[in-house]
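The following report concerns a single structure, shown below. It treats strand pairing, aromatic contacts, backbone angles and salt bridges in turn.

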Amino acid sequence: MGMKKIYYKLDENKNVLPSSLEEWSKFIKGEYPSNHMHVANENINGKCISTIFLGICHNFNPNSNISIVFETMVFDEGNHSIYQNRYSTWKKAEDGHKEAVDWVNRGCIGEFEDKKSQTQR
């Protein structure tokens with residue numbers, strides 16, 4: 001197994017591409033459309049649900065080459081994280097955001113109640 005890539009950017013079709021530190025830096029600084037990192041962001045019932053492209057791989061499993069580069073978080077009224085999930089593709093991040101919205105609409109109970117942090121690949 002080769003060395004795991006660290007930095008990533010998105011192409012014009014929202015596909016995840018490995019990048020150099022320099023390419024990643026330009027991407028993160030916004031030398032692309034201004035909303036390029038936000039998958040979705042909503043405020044519901046006093047909760048903020050945010051899904052973003054991280055640009056840095058958050059897969060710390062040495063036996064896996066899956067690039068986990070998207071994250072959904074839900075914050076309560078006090079800006080405390082009450083939910084987190086990570087993904088490998090824009091589509092999975094969109095689907096995960098919808099699941100988090102559904103969870104908030106259910107009163108933050110149900111499927112994710114005891115799963116504050118999980119990862120979907």
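Strands E5 and E6 pair in the antiparallel sense over six bridges; two strands are taken to pair if DSSP finds at least two bridges between them. Strands (E, at least two residues) and helices (H or I, at least four residues) are DSSP runs, numbered from the N terminus. Phe75 has Ser81 as its bridge partner in E6. Five residues lie between the strands of this hairpin, and Asn79 takes a positive phi near 65° there.

Strand E6 spans residues 81-87 and is mostly covered, with five of its seven residues buried. Buried denotes a relative accessible area under 20%, exposed over 50%, and partly exposed in between, with a 1.4 Å probe and protein chains only.

## Basis of the model

This is a predicted model, in which local features need pLDDT of at least 70 and side-chain atom pairs count only at pLDDT 80 or more, while totals for chains, interfaces and linings use all residues. Residues are numbered from 1 along each chain as its sequence is written, and side-chain values use heavy atoms, with hydrogens and water left out.

## Aromatic contacts

The structure holds five aromatic pairs. Rings of Phe, Tyr and Trp (its six-membered ring) pair if their centres lie within 6.5 Å; planes under 30 degrees apart count as stacked, over 60 as edge-to-face and the rest as tilted. Phe70 and Trp90 form an edge-to-face pair, at 5.9 Å centre to centre and with 90° between the planes. Because Phe70 lies in strand E5 (residues 70-75) and Trp90 in helix H2 (residues 90-105), this pair ties together parts that are 20 residues apart in sequence.

Both partners are covered: Phe70 is buried at 0% relative accessibility, and Trp90 is buried at 10%. Together with Phe27 and Phe53, Phe70 and Trp90 form one aromatic cluster.

## Positive phi in two further loops

Lys14 is not a glycine, yet has a positive phi of about 70°. This residue lies in the loop between strand E1 (8-10) and strand E2 (16-18). With a relative accessibility of 40%, Lys14 is partly exposed.

Asn45 likewise has a positive phi, near 50°, in a residue other than glycine. Its position is the loop between strand E3 (38-44) and strand E4 (47-53). Asn45 is exposed, at 56% relative accessibility.

## Salt bridges

A search of the whole structure finds five salt bridges, each defined as a side-chain nitrogen of Lys or Arg within 4 Å of a carboxyl oxygen of Asp or Glu. One of them joins Lys9 to Glu23, whose closest N and O atoms are 3.7 Å apart. Lys9 lies in strand E1 and Glu23 in helix H1 (residues 21-28), so the pair ties together parts that are 14 residues apart in sequence. Lys9 is buried, with a relative accessible area of 16%, whereas Glu23 is partly exposed at 34%.

Other salt bridges lie within helices. In helix H1, Lys26 and Glu22 are four residues apart and thus separated by about one helical turn; the closest N and O atoms of their salt bridge are 3.7 Å apart. Lys26 is partly exposed at 39%, and Glu22 is exposed at 56%. In helix H2, Lys91 and Asp95 are also four residues apart, about one turn of the helix, and their side chains meet in a salt bridge of 2.9 Å, N to O. Asp95 is partly exposed, at 30% relative accessibility.
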